[in-house]
Amino acid sequence: MLKKEYTGLANINGPLIVIENVDDVAYDEMVEITAPDGEVRKGRVLQVSSNKAVVQVFEGSTGLNINESRVKFLKEPMKVALSKDILGRVFNGVGEAADDGGQIYSENKYDINSKPMNPYSRQYPRNYIQTGVSAVDGLMTLIRGQKLPIFSGNGLPHNQLAAQITRQAKLGKDDEKFAVVFVAMGIKHDESRYFIKSFEESGVLQNVVMYVNLADDPSVERIIAPRVALTAAEYLAFEENMHILVVMTDMTSYSEALRELSSRRGEVPGRKGYPGYLYSDLASLYERAGMIKGREGSITQIPILTMPNDDITHPIPDLTGYITEGQIVLKRDLFQRDVYPPINILPSLSRLMKDGVGAEYTREDHSDISSQLYAAYSHVNEVKSLASVIGEDELSKIDQKYLEFGEKFENKFLKQDKFNSRDIEETLSLAWDLISELPEHELDRLSEKMIDKYYRRKDENGET
Amino acid sequence: MEKQGKITFINGPVVEAENMTGYIMRELVYVGKLKLVGEIIELDGNSATIQVYEETSGMKPGEPVFSTGHPLSVQLGPGIIGNIFDGIQRPLPFLEEKDGPFIQRGTRVSALDPEKEWELKILIEEGDYLKSGQIVAEFDETSVIIHKIMVPPGKEGEVIERVPDGRYSIDHVIAKIKDKEENITEIKLYQEWPIRKPRPYLDRLELGVPLLTGQRVLDTFFPIAKGGTAAIPGGFGAGKTMTQHQLAKWSDADIIIYIGCGERGNEMTDVLEEFPELEDPETGKSMMERTVLIANTSNMPVSAREASIYTGITLGEYYRDMGYHVAIMADSTSRWAEALREISGRLEEMPAEEGFPAYLPTRLAEFYERAGYVKTLGEENEGSISLIGAVSPPGADFSEPVTQNTKRFVRCFWALDKSLAASRHFPAVSWLDSYSEYLNDLEPWYKDNVNEEWFELRSRAMSLLKEESRLQDIVQLVGEDVLPDNQRLILEVAKLIKIGFLQQNAFDDIDRYSDINKQYWLLKIILYLYDQAQPLVKKSVPISQLKNDELFNKLLRLKNTVANDEIDKIKEFRQEIDDFYQQLADSYQK
Ligand SMILES: Nc1ncnc2c1ncn2[C@@H]1O[C@H](COP(=O)(O)OP(=O)(O)O)[C@@H](O)[C@H]1O
Ligand SMILES: [Mg+2]
């Protein structure tokens, strides 16, 4: 097919360029732009009318000029070539080799926007993944095929937690079928290095594919990077039958790049300047997690985002929480009190936990004990605020017990070494140790049967 | 001559075309070489703006637009129940069969299975004069739903031809009727109806029967009437979807239409896997035998999300017209409003509040007005549509436009509270912020069908909860110990109401569904305890004695231990309460 080349642009505005007097241009097709110095960049058609096309340039427009820049329309949407050779490799945000392993050659090219999964074809995720982190396994269990983000703040140890989960979750029955797709969007060099090092140390590097767009790379590439990465994940999961864990960081930088592009296009801004379609856009990424009936593989997503000002009502965490299947929320106060991982359990949640725990998967008491821990810890917070008014000494006996329980919960259950992996039995047994600090009649979420079986009754001397 | 327009502009789901003279507003059109489904939303001279219901990637200016001559419609006939459709009524199982697990574009499939045959019983004779809505034939659509073929609205006439009883597929003409102007209407097993136009009925009736949901906080404290409207606003994780699923499972409607509008794919899969296994307490049959799913999840095209709400409600109206009570759950109406906003933005319309178009309140009003309890055309049966919409306010802030405007048009407001959800008090329906405007309408029904003192009981419990909230404010300042014992007793009883009655675990086989009688007795027993304990406070029995851990604990567990058909066990519990307090009183007498 003849690919016509046009010389000259009508307008340049940030990463957007306008080309006039074009014909036969398709919405969403790929474009190749040649700068006056001969450098070739890629772009995508965002809007097209009978004789005019608006194009988004991935690498940004720095160095382009009006008269000499040349534009070629490639007659197809953006695709990436994929084969199993991507394992162990590093690519940039648009899927080009960023290590010295050369480009991937493959007959199989995949549209990075994929197509929406038919809800009828989905397989409901039920198999839990043991992460070895008590707070997660016990209270917000991760399920294979789930999308469970980490809501964090600047300076909090979200990377350490994500790395720990990745390191410890891989230990399953079929290790060789497990791979990590890591996509960095606008993160710092040292953060990226941290992940590489951690993959290396845990010996999974050969099973990691990395798509890296760093803080000083063009921001518009950030919009492409997760799509390329998820396309790779889909290929590995649904064609190569692998279990894929996708770590996506930082969704805040991603959303900011989207906002920047939207404002360049002069779109009506929504909350805090983010475009009105931010929800749908994020959904087009997060909903690519899951499982398909009759196929072996799965895509589990752990997106990471830093909440501006630690504010969970900010549009990015807010819209994310509306789409993902729960969230793991980190809390600065815990971090400052030296509790790692500083997980604030009350706003945290795993929506798929209800169908993935219990006798069949973990243990019969799992869901009840977790609900009881939530309820008790929530009361701890009430007691704390009361104590700050009337003083600890004035608290009722039972409330003082709650304070003690809260303290132990944070320091024995939540707190855990970065290299310590607790199995589910250990986590649940720890949970019962703690809940047994409270008198039986306070435990309204536990059935008598569970209490009889697991509660550690004390004799007069306080011995269990 | 075939009309054909030409595309001039493409921006995502919004496409402009010229050469569009003769096309009608809201017409269904096929757009581009792939013939994607679209709808005309603006006509201006020779050109038109089209909202496309599928992804437009790869489309070019110059490609054709094809006319159909009719507005975007649904096919109404057998095969709807038990099925799952996308926002424009494409059956998802068929799409899977044709295209595999990912939804492709331009795939056109019939909404209803054209091949399947149904065992019809014809109810009319040649020579009968049939009115609109009159029933022509009926047959079992599922094991619990009898499907009734009706004369389409606006048509009537004398039967000039009819087929005998037998097996027919949907395209078969089963009768012909001729009206006074000699117009002949062929009656098939299906009719078509434009989704944006409410189906007519004879008369709107007053509401007076509750839609029982088996959820205690709703049925007892904030009941909705059959034919009524309710909104469930709440931040993410507050329990909107779980509540909607509970309603879909346990409501005493004949037919459930569940619209997943811009939400998660797995939540639809969850319903698909769970419902066939669940038994309807009324019919003993699988829940799927009365359920229709509409799924336009968040990653599916945004404009079809906008249409999905109308598709769902039109299907509902069709079954209402047969004389059924239909309950429709829409999760979430905020996503529908946002779809409106997105399209409006692409049309460069002048935004009103927070970017939403100025016509948002009108659209919401039109939607909720399609609920109601009616006398049907033709047969003059009674049927109803109850509408329950989830609302997802950004940042869980109820002052935003969708929540506020919805509040104007619904009469039940089931506000979900973030802090209740955080402490795992479910359903997290706030007893202080929620309300039902149907209370007075429903009072006679509850009195006749449950108990004469129902409303008194409810009001007493409600005032205790309100009093408790006031006392908690004081406790937060000075601690509980300073309160007098009669007030501390109120705190304890309110706790019984909250844990023993309001909290309801959707995952507990017994607790998940409470019939109305069990609800009454559970509340009754708590207040009974209060009535026995209260006099002892006056006799200076300390609260630590009145609140007996064993007794209270047992009472709290009644909801989980007593099944709906074992109510006597709750009644018998009165004896235990009597015994305990009698003994206590005696020991203080001495
Ligand atoms: N009635 C209930 N019983 C038990 N758990 C519930 C109930 N309602 C909500 N939950 C819990 O809350 C979580 C979130 O509920 P969901 O309905 O998905 O919230 P939303 O739709 O408001 O985001 C569920 O996954 C479940 O763990
Ligand atoms: Mg929901």
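How many salt bridges are counted between chain A and chain B?

**Entry 1: ground rules.** I noted that this is a predicted model, in which local features need pLDDT of at least 70, side-chain atom pairs count only at pLDDT 80 or more, and totals for chains, interfaces and linings use all residues. Residues are numbered from 1 along each chain as its sequence is written, chains are lettered from A and ligands numbered from 1 in the order in which they are written, and side-chain values use heavy atoms, with hydrogens and water left out.

**Entry 2: the interface of chain A and chain B.** I took the opening question first, and the count between chain A and chain B is five salt bridges, where a salt bridge is a side-chain nitrogen of Lys or Arg within 4 Å of a carboxyl oxygen of Asp or Glu. I looked up the pair A:E448 and B:R557, which form a salt bridge with their closest N and O atoms 3.7 Å apart. On the side of chain A that touches chain B, helix 10 (366-390) of chain A is one of the elements that supply at least two residues, and helix 10 of chain A gives the most, with eight residues. Helices (H or I, at least four residues) and strands (E, at least two) are DSSP runs, numbered from the N terminus. By class, I read 34 nonpolar, 19 polar and 22 charged residues on that side of chain A, with Ala, Val, Leu, Ile, Met, Phe, Trp, Tyr, Cys and Pro taken as nonpolar, Asp, Glu, Lys and Arg as charged, and the others, Gly among them, as polar. The contact (heavy atoms within 4.5 Å) takes 75 residues from chain A and 75 residues from chain B. Chain A and chain B bury about 6200 Å² between them, with 53% of it on carbon and sulfur atoms; buried area is the accessible area (1.4 Å probe) that two parts lose on being put together, summed over both.

**Entry 3: inside chain A.** I noted that chain A is divided into domain 1 (5-76), domain 2 (80-355) and domain 3 (365-454), with bounds that come from an automatic or database domain assignment. The C-alpha centres of domain 1 and domain 3 of chain A lie 60 Å apart. Over all chains the count comes to 73 salt bridges, among them A:E325 with A:K147, whose closest N and O atoms are 3.0 Å apart. This pair links distant parts of the chain, 178 residues apart, with A:E325 in the loop between helix 7 and strand 18 (326-329) of chain A and A:K147 in the loop between strand 12 (142-143) and strand 13 (150-152) of chain A.

**Entry 4: domains of chain B.** I read four entries for chain B: domain 1 (5-71), domain 2 (113-194), domain 3 (203-437) and domain 4 (451-589). The centres of domain 1 and domain 3 of chain B, taken over C-alpha atoms, are separated by 31 Å, and their contact takes 12 residues from domain 1 of chain B and 10 residues from domain 3 of chain B. Between these two domains of chain B I found zero salt bridges and three residue pairs in polar contact, both residues at pLDDT 80 or more.

Definitions and conventions: A polar contact is a pair of N or O atoms within 3.5 Å; within protein, one must be able to donate a hydrogen and the other to accept it, and residues adjacent in sequence count only if both atoms are side-chain atoms.
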